[in-house]
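Look at the structure below before reading the points.

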Amino acid sequence: MIESDKQRIADLAIAADRLRLEPAFQMAVLNLRKDAIEALVMVDPTDIEAVRTHQSMVKAIDGLCGELADMI
């Protein structure tokens, strides 16, 4: 790995940590996840496509949080 790549990774880790600690970002992610879970709970359980759509939204939000944690 060249030095510029190492610096870019370090910069991204700092930015990810800053974002993770930002109260507005935290609130936005929590609200998005809450809304996605509420929508999943309300969907017709026999509508498999709708269930999968709402599950994928929750998974995407959780994935974003996981990616930020991995970068730090």
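The model is predicted. It holds 4 salt bridges, and Lys34 takes part in a network of them with Asp35 and Glu38.

- Side chains of opposite charge can pair when their charged atoms come close.
- Lysine 34 meets aspartate 35 in a salt bridge, at 3.5 Å from N to O.
- Aspartate 35 is partly exposed, at 43% relative accessible area.
- Lysine 34 also forms a salt bridge with glutamate 38, where the closest N and O atoms are 3.7 Å apart.
- Glutamate 38 has 43% relative accessibility and counts as partly exposed.

- Aspartate 62 and arginine 33 join their side chains in a salt bridge of 2.5 Å, N to O.
- Aspartate 62 is in helix α3 (residues 48-71) and arginine 33 is in helix α2, so this pair ties together parts 29 residues apart in sequence.
- Aspartate 62 is partly exposed, with 33% relative accessible area.
- Arginine 33 is partly exposed as well, at 31% relative accessibility.

**The nonpolar patch**
- Ile37, Val41 and Met42 make a nonpolar surface patch of about 320 Å².
- Isoleucine 37 sits in helix α2 (residues 23-42).
- The relative accessible area of isoleucine 37 is 31%, which is partly exposed.

Definitions and conventions:
Residues are numbered from 1 along each chain as its sequence is written. This is a predicted model: local features need pLDDT of at least 70, side-chain atom pairs count only at pLDDT 80 or more; totals for chains, interfaces and linings use all residues. Side-chain values use heavy atoms; hydrogens and water are left out. Patches are made of residues with over 30% relative accessible area and no salt bridge: like charges are joined within 9 Å, nonpolar side chains (Val, Leu, Ile, Met, Phe, Trp, Tyr) within 5 Å. Accessible areas come from the Shrake-Rupley method with a 1.4 Å probe; for residues, only the protein chains shown count as cover. Helices (H or I, at least four residues) and strands (E, at least two) are DSSP runs, numbered from the N terminus. Buried means under 20% relative accessible area, exposed over 50%, partly exposed in between (1.4 Å probe, protein chains only).
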